[in-house]
Amino acid sequence: MSGGLTLYGIKNCDTVRKARNWLEEHDVAYIFHDYKLAGVTAQQLEAWAAQVGWEKLLNKAGTTFRKLPDADKADLTEKRAIALMVAHPTLIKRPVLETPQGLLVGFKPELYAAALGKN
C-alpha cells in the first residue's frame, strides 16, 4: 500500500457495500480488493493479526465458519486460523480498511469518520 487506503472485502457483502458507499459519499479515494476473487496471503493476514489480533479477523458468526467441520473449529490457534482464512477468505471479518495509520475491521460510520478525519 502506497500511502492510500485499501478496502478488503467481498463485493456482494452488505456491510462492505455500506463501507464503500460511505467512502464514496465522503469523497475518500480507496482501492477495493475483493479477497474472494483475488485472495489474501498468509503473510498479509499475519501482518493484520499482529495489529489487531487474529481473533478480531476471524468471522465466527458467518455461515462459512458454522459449516466448517468441528475438528477445524476446535482448539484454534493463530496459525490454524490464518490457514483457514487463506483457504476460505469468507472467514475474514468484513470489511478490512487498511490505512496508513492502521486497520479498521468491520464497518462503523463513526469509526471511519474519526479515523479519516471526516467528522
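This is a predicted model: local features need pLDDT of at least 70, side-chain atom pairs count only at pLDDT 80 or more; totals for chains, interfaces and linings use all residues.
Me: What makes residues 14-25 a helix, and how does the reach of helix 1 compare with the expected one?
Reply: Helices are DSSP runs of H or I with at least four residues, strands are runs of E with at least two, and both are numbered from the N terminus. Helix 1 has twelve residues. The expected span is 1.5 Å times one less than the number of residues, and helix 1 reaches 16 Å from its first C-alpha to its last, close to the 16 Å expected. After helix 1 comes Asp27, with a positive phi near 55 degrees.

Me: How do you know that the buried residues of helix 1 line one face?
Reply: Buried means under 20% relative accessible area, exposed means over 50%, and partly exposed is in between (1.4 Å probe, protein chains only). In helix 1, Val16, Ala19, Trp22 and Leu23 are buried. Down the axis they fall within an arc of 125 degrees, so they line one face of helix 1; the arc is taken from the directions from the helix axis to the C-beta atoms. Lys18 and Glu25 are exposed on the face turned away.

Me: What covers those buried residues of helix 1?
Reply: The cover includes strand 1 (6-9), strand 2 (31-34), strand 3 (96-99) and helix 7 (109-116), with contact meaning heavy atoms within 4.5 Å.

Me: Why is the Asp14 and Arg17 pair called a salt bridge?
Reply: The rule asks for a side-chain nitrogen of Lys or Arg within 4 Å of a carboxyl oxygen of Asp or Glu. Asp14 and Arg17 come in at 3.3 Å, N to O, so they pass. They sit three residues apart in helix 1, about one helical turn. In general, an α-helix has 3.6 residues a turn, so residues three or four places apart point the same way.

Me: Why does Arg17 count as partly exposed?
Reply: Its relative accessibility is 38%, so Arg17 lands in the partly exposed class.

Me: How many salt bridges does the rule give?
Reply: Two. Asp70 and Lys73 also meet in one, at 3.8 Å, N to O. Both lie in helix 5 (residues 70-73), three residues apart. Asp70 is exposed at 60%, whereas Lys73 is partly exposed at 24%.

Me: What makes strand 3 and strand 4 a pair?
Reply: Two strands pair if DSSP finds at least two bridges between them. Strand 3 and strand 4 (residues 102-105) have four bridges, so they qualify, in the antiparallel sense. Leu97 stands opposite Leu104 in strand 4, and two residues separate the strands in a hairpin. Strand 3 is also joined to strand 1 by three bridges, again antiparallel, with Glu98 as the bridge partner of Thr6.

Me: How do you know that both faces of strand 3 are covered?
Reply: Val96 and Glu98 on one side, and Leu97 and Thr99 on the other, are all buried.

Me: What puts the buried residues of helix 6 on the same side?
Reply: In helix 6 (residues 78-87), Ala81, Ile82, Leu84 and Met85 are buried. They cover an arc of only 160 degrees around the axis, so they share a side of helix 6. Lys79 and Ala87 are exposed on the other side.

How values were computed:
Residues are numbered from 1 along each chain as its sequence is written. Side-chain values use heavy atoms; hydrogens and water are left out.
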